[in-house]
Amino acid sequence: LYIEAGRGFELAGRSAEATAAWRDALRVDPEGEEAALLLGQQALKQRDLAGALRWFERAAALKPRRFDARNNLGILYYQALRMDEAAREMEAARGLRPADAAPWFYLGLIAQKAGELGQADTLLAAAIVVAFCLIRG
């Protein structure tokens, strides 16, 4: 109920009310990873990276096999230059959805930053192949 109400508010451009609805959803169901994920996305829209990180960490802790939580965490860790954590999250995301190019791409960037250029080339090439396969269907 609160999740859908929040989505309606968000679609109507009423972000504060969407956030309040999703917070209410967590009060009713503290184990609700969907609300935590939506609050993380909302924090990103507001450029609150620390808040987004907290919400995505919570979503991933509540449901470790949730691709979007792990993928978003990996991206945020990468942006924060927390490469070990970024790699861990991107490996998890890749394992959950190997046909998604994002984890391959970020793992390639992480390898590149670590000076592992051969590994970086392999991972970045894989990202291109995966993306191409998705485009071609």
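1. Residues are numbered from 1 along each chain as its sequence is written. In this predicted model, local features need pLDDT of at least 70 and side-chain atom pairs count only at pLDDT 80 or more, while totals for chains, interfaces and linings use all residues; side-chain values use heavy atoms, without hydrogens and water.

2. Helix α3 (residues 33-45) and helix α5 (residues 67-79) have axes that come within 11 Å and cross at roughly 30°. Therefore α3 is roughly parallel to α5 (angles under 35 degrees count as such). Axes are lines fitted to C-alpha atoms, for helices over the stretch in contact, with angles from 0 to 180 degrees between N-to-C directions. Helices here are DSSP runs (H or I) of at least four residues, numbered from the N terminus.

3. The contact (heavy atoms within 4.5 Å) involves L37, Q41 and L44 of α3 and D68, A69, N72 and L76 of α5.

4. The structure holds two aromatic pairs (ring centres within 6.5 Å; planes over 60 degrees apart count as edge-to-face). Y78 and Y106 form an edge-to-face pair, at 5.3 Å centre to centre and 75° between the planes. Y78 lies in helix α5 and Y106 in helix α7 (residues 101-113), 28 residues apart.

5. F105 and Y106 are also paired edge-to-face, with 5.4 Å between centres and 85° between the planes.

6. Y78 counts as buried at 15% relative accessibility (buried means under 20%, exposed over 50%, partly exposed in between, with a 1.4 Å probe and protein chains only). Y106, at 16%, counts as buried, whereas F105, at 38%, counts as partly exposed.

Key
Helices (H or I, at least four residues) and strands (E, at least two) are DSSP runs, numbered from the N terminus. Angles under 35 degrees count as roughly parallel, over 145 as roughly antiparallel, 65 to 115 as roughly perpendicular and the rest as oblique. Rings of Phe, Tyr and Trp (its six-membered ring) pair if their centres lie within 6.5 Å; planes under 30 degrees apart count as stacked, over 60 as edge-to-face and the rest as tilted.
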